[in-house]
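Hi,

Here is the structure we talked about. Please open it alongside this note.

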Amino acid sequence: MRLPVILVQNPPAAGHAVADALVASLIGFPGLDLTLVERFDSISVDSTDWMTLSAITVPAAVLDWRPAEELMSALNSIDFPGYRCAHRLDPDPPTSTTPHRRRLFLFDLNQHRDATSIVAELERLRDSLSVKTVSIGGLSAPGSATKASTSSTVAPTANAAAGTEPNAANATGHRKAISPINLGHDPSDDSLDQLLDQLDDLDV
């Protein structure tokens, strides 16, 4: 999140030093986008300042040399609406009645002329507006990796067993004890019957 910082360039004689210090500190400051404009009362709808302001649609900090109530009226007059939001240098703004949702952090530089404190508060506001997210795309349910690993290793083993064990069992089941056949002598009728029975057993 970047925070636009709008600084009005009409400091009173006693405010030039703080204006210069703010410009020097904010130019190039990480996350703070400095915009310098003329008095809001003098901005016309065809001016560069008005075009610059109309492009800002996010929360913004506005630094001017007038009370916050007057500054709010000036912003509304140039069609830069929003609601006054509290911060450490403007802790108790009135309750807003505007329906606009843009937050405006208003700084009265006549009341706060310490550039270091102002920049520190702007930095704090920038940080408070930042949204930090954590990606959960790589997370999975506990034990899911273990389950996937187990299923991928157990299944082939089961298939292998299914492919080999039944064959071995079938082969064993078809094996029968066969008595040796002695063909070295003339078989009797009994031995011939036994031979035929054994041949029937072999015909599988």
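Which residue in S3 does Leu7 stand opposite? It is Leu63. Please keep in mind that this is a predicted model.

The two strands behind that pair are S1, residues 3-8, and S3, residues 60-64. They pair in the parallel sense, over three bridges.

Now the whole sheet. It is open and has five strands, in the order S2-S1-S3-S5-S4. The pairing is parallel. Strands S2 (32-37) and S4 (83-84) stand at the edges. Each has a single partner strand, so one side of each is left without a neighbour in the sheet.

Next, a helix on the sheet. H3 covers residues 68-77 and lies across S3, S4 and S5. Strand S5 spans 103-108, and H3 runs at about 130° to S5.

Is Asp79 buried or exposed? Its relative accessibility is 59%, over the 50% cut-off, so Asp79 counts as exposed.

Finally, the chain overall:

- Six helices and five strands make up the secondary structure.
- Along the sequence the pattern reads β-α-β-α-β-α-β-β-α-α-α.
- Of the 204 residues in the chain, 28% are buried.
- Take contacts between residues at least 6 apart in sequence: 67% of them join residues at least 24 apart.
- The accessible surface is about 13,100 Å², and carbon and sulfur atoms account for 55% of that surface.

Best wishes

Technical notes: Residues are numbered from 1 along each chain as its sequence is written. This is a predicted model: local features need pLDDT of at least 70, side-chain atom pairs count only at pLDDT 80 or more; totals for chains, interfaces and linings use all residues. Side-chain values use heavy atoms; hydrogens and water are left out. Two strands pair if DSSP finds at least two bridges between them. Helices (H or I, at least four residues) and strands (E, at least two) are DSSP runs, numbered from the N terminus. Contact means heavy atoms within 4.5 Å. Axes are lines fitted to C-alpha atoms, for helices over the stretch in contact, and angles run from 0 to 180 degrees between N-to-C directions. Buried means under 20% relative accessible area, exposed over 50%, partly exposed in between (1.4 Å probe, protein chains only). Accessible areas come from the Shrake-Rupley method with a 1.4 Å probe; for residues, only the protein chains shown count as cover.
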